[in-house]
Each structure stands twice: as structure tokens, then as C-alpha cells.
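Subject: Structure for your files

Hello,

The structure we spoke about is below. My notes on it follow.

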Amino acid sequence: MCVTVSNTMKSNTRIGHDPAELGELERSILSVVWRKLEINAEQVREELGRPLKDSTIRTVLRRLEEKGYLAHTVEDRTFVYRPAQTRQRVAGRAVKRIVDWFCEGSVEALLVGMVDSKVLDQAELQRLAERIALAQKSAADSGKSKEREKGGRR
């Protein structure tokens with residue numbers, strides 16, 4: 001007889017944790033979980049390829065869950081971790097912190113600095129311009145449809 005037991009665990013997590021406060025090992029483990037999507041502590045240790053104790057990995061996984069980056073399920077008494085937030089969402093929060101700290105809240109100042117420092121090249125700038133234009137068109141189309149809805153209800 002084979003039985004699979006699975007539970008989803010939820011805990012009191014801090015969704016607003018500052019990604020800038022993550023340590024090097026936390027970032028490495030988070031990267032592994034984002035890449036694998038579902039993974040247990042032993043698999044994380046193997047993926048890291050560093051001589052770390054199992055208890056160290058489990059502690060960091062638990063702390064990442066407490067900070068709101070990971071969630072876990074229990075399958076046959078084994079904790080299986082998965083991302084609770086996308087890499088892009090965490091990166092966005094980290095960038096917001098940089099914008100607030102160094103650019104007084106100005107995304108434009110950040111982008112100008114990235115261009116001046118050659119972080120963004122011409123092709124990336126073009127892609128950004130296209131995404132901005134698409135977002136503006138989408139917002140304008142949404143506004144027009146709302147106006148039509150208001151006009152149709154009279």
C-alpha cells in the first residue's frame with residue numbers, strides 16, 4: 001500500500017521584507033528555488049554544491065519562508081519548497097528601494113543613470129520604449145471603454 005500525504009503550510013510571513021537585507025546564502029538558495037520551482041532541503045544542498053550542514057539549509061529555508069519569499073507543502077513528511085513571489089516581483093521591490101534611496105523616488109533618474117553607466121544598451125532602450133508605448137495604449141483603450149460604459153448607462 002502506498003499513501004501520499006500532502007499539506008500546504010501557511011505561516012505569518014512578512015511580505016514587505018526588504019530584498020536588500022538578504023544575505024549571500026539566502027540569495028543563493030532563493031535562486032535555486034526560483035530555478036527549480038519545487039525542491040526539498042536535500043536537493044537545495046546538492047544544487048548549491050557547497051559543504052553546508054543540512055540544518056543550515058533548513059534554517060535558511062525556514063527564514064526565507066518567514067520573510068515571505070518561500071512557501072512549502074509537506075509530502076510524506078518532507079517539506080517541499082516553492083517560490084511565494086516571482087523573481088521579477090522581488091527584483092521590482094529591490095529596485096524601488098534603490099530608486100527611493102539614491103534617486104529621490106525618480107525612476108527617470110535611475111534610467112538615466114543606467115544609460116550613462118552603460119547598463120542599458122540601445123536595443124534594451126528600444127524594447128523599453130515599445131513596452132511603455134504598449135502600456136500607454138492599453139491604458140488609453142481601458143479609459144475609452146470605461147467612458148463608453150458610463151455613457152451607455154444613462
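What pattern does the protein chain follow when read along the sequence? The order is β-α-β-α-α-β-β-α-α-α. Please keep in mind that this is a predicted model. The chain has 6 helices and 4 strands. It is 154 residues in length, and 25% of these count as buried.

On the pocket: the largest pocket holds about 220 Å³ of space. Its lining consists of Val95, Val107, Leu110, Leu111 and Met114. Helix H5, which spans residues 107-116, supplies 4 residues, the largest share of that lining. By class, the lining has 5 nonpolar residues, with no polar and no charged ones.

On the surface: Val107, Leu111, Leu128 and Ile132 make up a nonpolar patch, and their accessible area together is about 310 Å². The elements that give two or more residues to this patch are H5 and helix H6 (122-152).

Is Leu111 buried, partly exposed or exposed? Its relative accessibility is 32%. Buried requires under 20% and exposed requires over 50%, with partly exposed in between, so Leu111 counts as partly exposed.

Regards

Note on methods:
Residues numbered from 1 in each chain as written. Predicted model: local features only at pLDDT ≥ 70, side-chain atom pairs only at ≥ 80, totals over all residues. Heavy atoms only, no water. 1 Å grid on protein atoms, 1.4 Å probe; cavity = no way out; pocket = protein on both sides within 12 Å on 5 of 7 lines; lining within 4 Å. Points joined across faces, edges and corners; volume = space filled by probe spheres on them. Nonpolar A, V, L, I, M, F, W, Y, C, P; charged D, E, K, R; others polar. Patch = residues over 30% accessible without salt bridge, like charges linked within 9 Å, V, L, I, M, F, W, Y side chains within 5 Å. Areas by Shrake-Rupley, 256 points an atom, 1.4 Å probe, with all protein chains shown as cover. Salt bridge = Lys/Arg side-chain N within 4 Å of Asp/Glu carboxyl O. Buried < 20%, exposed > 50% of the residue type's maximum accessible area, 1.4 Å probe, protein only.
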